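Welcome! Please take a look at the picture, and then read on.

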Amino acid sequence: MDLCNINQIKGLLSRHGFRFSKSMGQNFLIDPTVPRHIAAVSGAGPGYGVLEIGPGIGPLTEQLAQLADQVTAVELDQNLLPILQETMADYPNVSIVPGDILKLNLPQLVTDTFHGLTPIVCANLPYNITTPVLTVLLESGQFASITVMIQREVAKRICANPRTPDYGAFSLYCQYHAACELLFEVPPQAFLPAPKVTSAVIRLTPTTEPPVPVVDKQLFFRIVKASFAMRRKTLANGLASGFNGQLTKAEVTSLLQSCGFPPNIRGEQLSLSDFAQLTQAFNSALS
Ligand code: SAH
């Protein structure tokens with residue numbers, strides 16, 4: 001069966017009495033070139049085990065199964081399980097794991113299903129849980145690469161450079177953990193039902209060390225969060241309120257000055273290495 005043929009999809013779904021769920025972010029791919037393209041850029045091949053999140057009826061799963069040794073696909077919607085059983089019947093290297101990707105033990109899943117293969121992620125994500133999914137994937141430290149389709153707006157934020165409107169705390173979070181690339185865009189017409197937004201495919205390649213040394217990861221992200229919490233305020237004000245009770249505004253201002261940053265600088269002007277330098281200064285001042 002052609003899993004991107006709209007008539008065949010409609011037939012399959014109605015035979016199973018399937019109804020789309022908005023809350024589960026269900027937009028299925030109906031343009032056959034897209035799953036092929038995503039699977040190709042994911043690097044899936046012999047020696048790789050691919051974790052897919054939300055296979056739907058399996059158009060991307062099928063492409064991945066043709067390239068990689070093993071595909072493990074986690075699907076939350078129970079109603080898709082009998083459909084996947086049918087559509088994936090010819091692929092013995094596909095395992096469907098029922099459940100919520102945010103609640104699974106990822107290291108366990110990798111050990112149980114990938115046996116010595118290099119684990120990577122490839123998925124057309126449910127867009128409503130993009131941030132928590134990318135966070136658990138990056139925190140798990142399990143994957144050599146993470147190639148996902150998400151909302152274009154979020155993709156731009158993840159890959160944004162300092163001094164651009166898309167740059168923020170989540171850009172820094174992702175860029176701290178991985179090299180981030182925006183690969184290509186996908187229009188709404190490629191999906192059933194068509195989403196309201198344009199999509200984009202990104203690839204995150206996790207690094208074992210951040211691009212610049214950071215003295216204290218927790219403190220680094222506390223500073224980043226405080227710096228972007230109030231975007232219209234200056235960095236000194238944001239940090240003074242984030243570290244209220246620990247540092248005075250005057251102390252924060254002098255710390256910024258000691259790093260060579262002008263007093264009216266804003267969070268979005270600082271690069272990852274600037275934040276690393278600031279973390280060093282805060283760390284000395286707080287200890
Ligand atoms: N990959 C398919 C479907 C994408 S739609 C395609 O490209 O056509 C998103 C999919 O994620 C749906 O199948 C939805 O049921 C599933 N999903 C939603 N929330 C999930 C979660 N928390 N864990 C696992 N799968 C989830």
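Which residues of H8 are buried? They are Phe-170, Ser-171, Leu-172, Tyr-173, Cys-174, Gln-175, Tyr-176 and His-177, where buried means under 20% relative accessible area, exposed means over 50%, and partly exposed lies in between, with a 1.4 Å probe and protein chains only as cover.

## Before we start

This is a predicted model, in which local features need pLDDT of at least 70, side-chain atom pairs count only at pLDDT 80 or more, and totals for chains, interfaces and linings use all residues. Residues are numbered from 1 along each chain as its sequence is written, and side-chain values use heavy atoms, leaving out hydrogens and water.

## The chain as a whole

The protein chain has 12 helices and 9 strands; these are DSSP runs numbered from the N terminus, with helices (H or I) of at least four residues and strands (E) of at least two. Along the principal axes, its C-alpha atoms fill a box of roughly 70 × 40 × 30 Å.

Of the 287 residues in the protein chain, 50% are buried. The chain exposes about 13200 Å², and carbon and sulfur atoms supply 50% of that area (accessible areas come from the Shrake-Rupley method with a 1.4 Å probe, and for residues only the protein chains shown count as cover). Among contacts (heavy atoms within 4.5 Å) with a separation of 6 or more, 69% are between residues 24 or more positions apart.

## The sheet

Let us turn to the strands. An open sheet is formed by 7 strands in the order S4-S3-S2-S5-S6-S9-S7, with mixed pairing; two strands pair if DSSP finds at least two bridges between them. Strand S4 (94-98) and strand S7 (178-186) are at the edges with a single partner strand each, so one side of each has no neighbour in the sheet. On average, neighbouring strands of this sheet are turned by 20° against each other, direction ignored. Axes here are lines fitted to C-alpha atoms, for helices over the stretch in contact, and angles run from 0 to 180 degrees between N-to-C directions.

Strand S2 (residues 48-53) pairs with strand S5 (residues 118-124) in the parallel sense over 4 bridges. Here Tyr-48 stands opposite Thr-118, and Val-50 is opposite Ile-120. S2 also pairs in the parallel sense with strand S3 (residues 70-75), over 5 bridges, and there Ile-53 faces Val-74 as its opposite residue. S5 and S6 run parallel too, joined by 4 bridges, with Cys-122 opposite Thr-147. How many residues of S5 are buried? The count is 6 of 7, so S5 is largely enclosed by the rest of the structure. S2 is mostly covered, with 5 of its 6 residues buried.

Now back to helix H8 (residues 169-177): 8 of its 9 residues are buried, so H8 is largely enclosed by the rest of the structure. The cover over those buried residues includes helix H6 (130-140), H7, S7, S9, H9 and helix H12 (272-286).

## Around the ligand

There are 22 residues around the ligand, and Leu-29, Gly-54, Glu-75, Asp-100 and Asn-124 come nearest; a residue is near a molecule if one of its heavy atoms lies within 4 Å of it. A polar backbone atom of Gly-56 is 3.3 Å from an oxygen atom of the ligand. On its own the ligand has 570 Å² of accessible area, and the protein covers 98% of it.

Thr-113 lies in helix H5 (residues 106-114) and counts as buried at 19% relative accessibility. Neighbours within four places in sequence aside, Thr-113 is in contact with Gln-70 and Thr-72.

Val-214 sits in the loop between S9 and helix H9 (217-229) and is buried, with a relative accessible area of 18%. Leaving aside neighbours within four places in sequence, its contacts are Tyr-176, Phe-220, Ala-276 and Thr-279.

Technical notes. Polar contact = N/O pair within 3.5 Å; in protein donor to acceptor, adjacent residues only side chain to side chain.
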